[in-house]
Amino acid sequence: MKGIIFNELQKMVTVSLGADAWEALLEQTPLETEGGGFIGPQTYPDKDLFALVGTASRVTGKPVDELVRSFGKFLFPDLARLYPGFLKPGMTAKSFLTTVHDVIHVEVRKLHPDVELPRFRYEDPAPNQLVMLYDSPRQLCELAIGLVEGVADHFHETIALVQTQCTKRGDPVCRLELTFGAAG
Ligand code: HEM
């Protein structure tokens with residue numbers, strides 16, 4: 001996973017748990033990356049990210065899935081800022097989300113050829129609905145859900161999300177069924 005993702009985790013931990021919390025987390029987590037000095041453009045083992053989230057879960061008493069989801073929501077505004085140009089005038093939350101696989105992640109791969117990105121497929125059952133089929137060996141559907149929450153906030157829309165399938169329960173993909181509405 002790219003260093004920027006670790007940097008964002010550090011930022012979220014610092015914002016929510018205080019200035020010393022990240023150092024404390026590094027001290028309590030056995031890492032492959034010596035000293036835990038993660039630099040944005042470099043790539044680090046996924047194992048280290050999962051280990052840090054595991055420690056954060058023990059420290060806060062919050063389930064890993066809940067933390068990963070909150071992280072996705074926290075991450076989206078910064079991703080959007082760091083990679084300007086993907087949010088185009090006139091887009092809606094739905095039209096934006098349909099570009100994640102074939103436009104955004106394709107461009108991200110051009111910039112960083114060593115990224116490992118998930119696969120999304122889409123179904124478009126109705127104008128106010130979208131089904132996102134998420135598939136990745138990392139099994140980070142909770143991150144995708146948190147990112148969708150961040151997208152809803154960005155566009156001032158509501159997105160009701162129901163997950164009907166999950167690879168962690170043995171299903172072939174994670175199925176996220178989204179229904180869009182105007183924020184009240
Ligand atoms: C401006 C928008 C976005 C940018 C620039 C972006 C970029 C990235 C980058 C750099 C990574 C890290 C890959 C790595 O380190 O190997 C990533 C991973 C990921 N992205 Fe995006 N992304 C964007 C929006 C989204 C949205 C809206 C979703 C979901 C709805 C999404 C789903 C994911 C997931 C789930 C991963 C984790 C990797 C995995 O599951 O295997 N992304 N993205």
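This is a predicted model: local features need pLDDT of at least 70, side-chain atom pairs count only at pLDDT 80 or more; totals for chains, interfaces and linings use all residues.
What share of the contacts in the protein chain between residues at least 6 apart in sequence join residues at least 24 apart?

1. Secondary structure. The protein chain contains 7 helices and 4 strands. Read from the N terminus, the order of elements is α-α-α-α-α-α-β-β-α-β-β.

2. Overall dimensions. Along the principal axes, the C-alpha atoms of the protein chain occupy a box of roughly 50 × 35 × 35 Å. The radius of gyration of the protein chain is 17 Å, which agrees with a compact globule, because a globule of 184 residues would have a value near 16 Å.

3. Burial. Of the 184 residues in the protein chain, 21% are buried. The cut-off for this is 20 or more other C-beta atoms within 10 Å of the residue's own.

4. Contacts along the sequence. On the opening question, the share is 57%: that part of the contacts between residues at least 6 apart in sequence joins residues at least 24 apart.

5. Domains. The domain assignment divides the protein chain into domain 1, residues 3-62, and domain 2, residues 78-182. Between the C-alpha centres of domain 1 and domain 2 there are 24 Å. Domain 1 gives 4 residues to the contact, and domain 2 gives 4 residues. On the side of domain 1 that touches domain 2, the residues comprise 1 nonpolar, 1 polar and 2 charged.

Terms used:
Residues are numbered from 1 along each chain as its sequence is written. Helices (H or I, at least four residues) and strands (E, at least two) are DSSP runs, numbered from the N terminus. The radius of gyration is taken over C-alpha atoms; the globule rule is 2.2 Å times the number of residues to the power 0.38. A residue is buried if 20 or more other C-beta atoms lie within 10 Å of its own, exposed if 12 or fewer, and partly exposed in between; C-beta atoms are placed from the backbone. Two residues are in contact if their C-beta atoms, placed from the backbone, lie within 7 Å. Domain bounds come from an automatic or database domain assignment. Ala, Val, Leu, Ile, Met, Phe, Trp, Tyr, Cys and Pro count as nonpolar, Asp, Glu, Lys and Arg as charged, and the others, Gly among them, as polar.
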